[in-house]
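Visitor: Please show me the model. I would like to ask about its surface charges and one of its helices.

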Amino acid sequence: MADHYEVLGVARDASADDIKKAYRRLARELHPDVNPSPDAAERFKEVTHAYDVLSDPESRQRYDLGDAGGFSGGFGGAGFGGFGDIFDTFFGGGAAQGPRSRAERGDDALLHVDVSLADVMFGAHTEVTVNTAVLCETCKGTCCAPGSAPVRCDVCGGSGSLRRQVRSILGNVVTSQPCGSCRGYGTILPAPCVTCQGHGRIRATRDIDVDVPAGVETGMRIKLSGAGEAGEAGGPNGDLYLEIRVRHDDTFSRAGDDLLATLEVPMATAILGGSVRVDGLDGPVDIDIAPGSNTGDVCTVKGRGLTALRQDKRGDLRVAMHVQMPSKLSSKERAIIEQFAAMHKAPAPRLATFQQGIFSKLRDRFFG
């Protein structure tokens, strides 16, 4: 790697002002907005990096000392020993931890998926659209422009950290901190990918096929491993969680694995009984209406409910009767009802007990 002083065209004892003036002159000459040639772009990156190192007094001092940082020996011949060894243990003077990886695991993602009761009955295959970070197709997660690669940081020598030695009355204390030039990675990107700006991933919208199992309920989550956010610098993907929301149905509701519905029954049919075919979620259903049915009576059709989660069995369809009384009668209809009342000899109306009352039946028609 070229010497930073040579890149800026200044002497090694140049002042801070000389370094700044040299950088400004070269930046005006090489900036991509002024000089579009590829060679100028590469030189501009080298000049900028050299200025970043030499413009900071501390990083310039470390650079002048070379890769070893001037810390291979002690001050004034003092070696590492005695109390210094103890401080090495506490302040990072032992074995180097090494540079940290650019690759990081992506975050998990959460998406809400709406399904119908019909989907819950037998399960469904659906397609969901997600917007997450995905692997950059230009650099394939390397973070570098095609044809380039990360280079070793010349400030920390590729270690990702800088060691500082301070002499005290107890010995030589060595501390370690992340390198400010490479941010602890040990390498720098001379030509970051222009598509992902050196992150190795971009945001994109994509479609994912999902199998919703039968029997799911609102609030349940389906985990799709590795379908979440792509990681930085080609790191592993996070997971995608799909939270289920079962849509309201105007005809049916559910109680566990059972389906609940209400059947409006004309008065004559409730008195005489009969059979009717209605549309269920899984096809036609025959409902038998017992003679003398009252509002709140429940007819149960076995095995026509929802499929239990992770099981083969199904719940029941429970249909509550709602007897419809005519609000207007013709004179002939009224005469027939009066004749029926005279023949039936029904007791006078009275208040019913709570357990036997009509409101109790309405309350318990599904759960009694």
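Guide: Strands (E, at least two residues) and helices (H or I, at least four) are DSSP runs, numbered from the N terminus. This is a predicted model, with local features needing pLDDT of at least 70, side-chain atom pairs pLDDT 80 or more, and totals for chains, interfaces and linings using all residues. Residues are numbered from 1 along each chain as its sequence is written, and side-chain values use heavy atoms, without hydrogens and water.

Visitor: Which strand gives the most to the negative patch?
Guide: The patch gathers Glu 127, Asp 207, Asp 209 and Asp 211 on the surface. Patch residues have over 30% relative accessible area and no salt bridge, with like charges joined within 9 Å. A salt bridge is a Lys or Arg side-chain nitrogen within 4 Å of an Asp or Glu carboxyl oxygen. Three residues come from strand 7.

Visitor: Does Asp 211 count as buried or exposed?
Guide: Asp 211 lies in strand 7. Buried means under 20% relative accessible area, exposed over 50%, partly exposed in between (1.4 Å probe, protein chains only). Asp 211 has 57%, so it counts as exposed.

Visitor: Which helix provides the largest share of the positive patch?
Guide: Lys 20, Arg 24, Arg 25, Arg 28 and Arg 43 gather there. Four residues come from residues 16–30, helix 2.

Visitor: Why are the buried residues of helix 4 on the same side?
Guide: Ser 59, Arg 60, Arg 62 and Tyr 63 are buried in helix 4. The arc is taken from the directions from the helix axis to the C-beta atoms. They share a side because they cover an arc of only 160 degrees.

Notes. Patches are made of residues with over 30% relative accessible area and no salt bridge: like charges are joined within 9 Å, nonpolar side chains (Val, Leu, Ile, Met, Phe, Trp, Tyr) within 5 Å. Accessible areas come from the Shrake-Rupley method with a 1.4 Å probe; for residues, only the protein chains shown count as cover. Lys and Arg count as positive and Asp and Glu as negative; His and the chain ends are not counted. The place of a charge is taken as NZ of Lys, CZ of Arg, CG of Asp or CD of Glu.
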